[in-house]
Amino acid sequence: QFAKVAMIRQCAQDNNMEGAKSIYEQLESRGEANALLSNASFRAALHLVKMMRKATGQPAFPLSSRLNF
């Protein structure tokens, strides 16, 4: 499982959300998805949202300073 988490994280670093999603969906279809993998996928999505917003000059998360993100 840790290898798959690392693969999902690497996909996020490579801005490859489709790759991260594909890994998660494969594991989910085999009944192997768990909270650790779900969290890694969620964090990958957040990372990519932050990168897209940064590229467009928008604040990463406008409320983040008040929500301690």
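Mentor: Let's start with a term: a residue is buried when its relative accessible area is under 20%, exposed when over 50%, and partly exposed in between (1.4 Å probe, protein chains only). This is a predicted model, where local features need pLDDT of at least 70, side-chain atom pairs count only at pLDDT 80 or more, and totals for chains, interfaces and linings use all residues. Residues are numbered from 1 along each chain as its sequence is written, and side-chain values use heavy atoms, with hydrogens and water left out.

Trainee: Why is valine 5 called buried?

Mentor: Its relative accessible area is 3%. The cut-off for buried is under 20%, so valine 5 qualifies.

Trainee: What does valine 5 touch, leaving out residues up to four places away in sequence?

Mentor: Valine 5 touches Leu36, Leu37 and Ala40, where contact means heavy atoms within 4.5 Å. Valine 5 sits in helix H1; helices (H or I, at least four residues) and strands (E, at least two) are DSSP runs, numbered from the N terminus.

Trainee: How do you know that H1 is roughly parallel to H3?

Mentor: Helix H1 (residues 2-13) and helix H3 (residues 35-55) pack at about 5 degrees, with axes 9 Å apart. Axes are lines fitted to C-alpha atoms, for helices over the stretch in contact, and angles run from 0 to 180 degrees between N-to-C directions. Angles under 35 degrees count as roughly parallel, over 145 as roughly antiparallel, 65 to 115 as roughly perpendicular and the rest as oblique. The angle of about 5 degrees is under 35, so H1 is roughly parallel to H3.

Trainee: What makes arginine 30 and glutamate 32 a salt bridge?

Mentor: A salt bridge is a side-chain nitrogen of Lys or Arg within 4 Å of a carboxyl oxygen of Asp or Glu. Here the N to O distance is 3.2 Å, so the pair meets the rule. A search of the whole structure finds one salt bridge.

Trainee: Are those two residues buried or partly exposed?

Mentor: Arginine 30 is at 49% and glutamate 32 at 33%. Both values fall between 20% and 50%, so each residue is partly exposed.
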